[in-house]
Amino acid sequence: MRMHIFGRTAVISGTALAMALGAAGAASAAGRPGHHAPVAAAHYFVFTKRHQGFAHRDRIGAFHAQVKLTGRYSRQYPMPWSFQITSPKLRAIARGRAVCTATGLNGHYHDRHVIPVGYVWHSTVKPHRVRKVYTLSGTCTFPVQVGGKPGRAFVGFAFHYAINPDARGVSPKTAGSAVTTTVRFGH
């Protein structure tokens with residue numbers, strides 16, 4: 001099975017992509033699916049008092065995260081987050097529940113849920129340290145039927161972020177690609 005990257009956010013096998021998400025121009029393959037490149041300084045979001053929330057939506061899904069940094073707030077800097085597969089085409093080919101797992105805090109945070117495809121998966125990550133760059137990543141795996149053939153879909157995200165309540169003038173526009181989403185099919 002040959003893997004391709006389509007745009008900045010989706011990784012999927014050739015025939016399955018055309019059937020599941022529609023046609024798109026292919027770029028060259030870059031790395032293994034599900035593995036994300038090291039985080040460069042301009043590729044993470046910084047939560048500040050001015051920017052306490054983050055939202056990303058693409059043709060695969062929607063990701064949201066927030067950290068309260070005004071008024072009374074916890075010095076553990078809890079970050080509630082959510083991810084939802086919103087693609088109607090992915091939801092249409094799903095043939096069962098999704099097993100979703102997330103990791104973060106350098107392996108100290110784990111979350112696992114079995115949910116319907118399209119359900120808003122949510123949790124909270126803590127504790128965080130100020131100015132440290134973190135990655136929260138998650139994958140949902142579920143059975144699919146594409147072109148009469150059964151298989152498995154792997155839908156994932158990776159969110160790169162830091163928390164700095166003392167930062168001033170930091171703009172979310174400097175976050176670059178703080179979130180990436182991926183889709184691939186297999187057996």
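**Group meeting: a walk through the predicted model**

Let me start with methionine 79, which at 0% relative accessibility counts as buried, where buried stands for under 20% relative accessible area, exposed for over 50% and partly exposed for what lies in between, with a 1.4 Å probe and protein chains only. Residues are numbered from 1 along each chain as its sequence is written, and side-chain values use heavy atoms, with hydrogens and water left out.

Methionine 79 lies in strand β6; helices (H or I, at least four residues) and strands (E, at least two) are DSSP runs numbered from the N terminus. Leaving aside neighbours within four places in sequence, the contacts of methionine 79 include Phe47, Val67, Val125, Leu136 and Tyr161, a contact being heavy atoms within 4.5 Å. Glycine 53 is 26 residues from methionine 79 in sequence, and the two C-alpha atoms are 9.6 Å apart.

Stepping back to the whole protein, there are two helices and twelve strands, and from the N terminus on they run β-β-α-β-β-β-β-α-β-β-β-β-β-β. Of the 187 residues, 45% count as buried, and among contacts between residues at least 6 apart in sequence, 62% join residues at least 24 apart.

Let me turn to aspartate 58 and its partners. Threonine 181, in strand β12 (residues 179-186), is buried with a relative accessible area of 1%, and its side chain is joined to that of aspartate 58 by a polar contact of 2.5 Å. By polar contact I mean a pair of N or O atoms within 3.5 Å, where within protein one must be able to donate a hydrogen and the other to accept it, and where residues adjacent in sequence count only if both atoms are side-chain atoms. The side chain of histidine 56 also makes a polar contact with the side chain of aspartate 58, at 3.3 Å; histidine 56 itself lies in strand β4 (residues 53-57), and among the residues that it touches, not counting those up to four places away in sequence, is Val179.

As for β12, seven of its eight residues are buried, so the strand is largely enclosed by the rest of the structure. Strand β11 (residues 149-163) pairs with β12 in the antiparallel sense over eight bridges, pairing requiring that DSSP finds at least two bridges between two strands, and valine 155 stands opposite valine 183 in β12.

Finally, some backbone details. Which bond joins lysine 126 and proline 127? The answer is a cis peptide bond, with omega about 0°, and proline 127 is found in the loop between β9 (121-125) and β10 (134-146). Arginine 131 is placed in the loop between β9 and β10, has a positive phi near 65° although it is a residue other than glycine, and counts as exposed because its relative accessibility is 57%. Leucine 105, in the loop between β7 and β8 (109-115), has a positive phi of about 50° and is not a glycine either, but leucine 105 counts as buried, at 6% relative accessibility.

Note on methods
Predicted model: local features only at pLDDT ≥ 70, side-chain atom pairs only at ≥ 80, totals over all residues.
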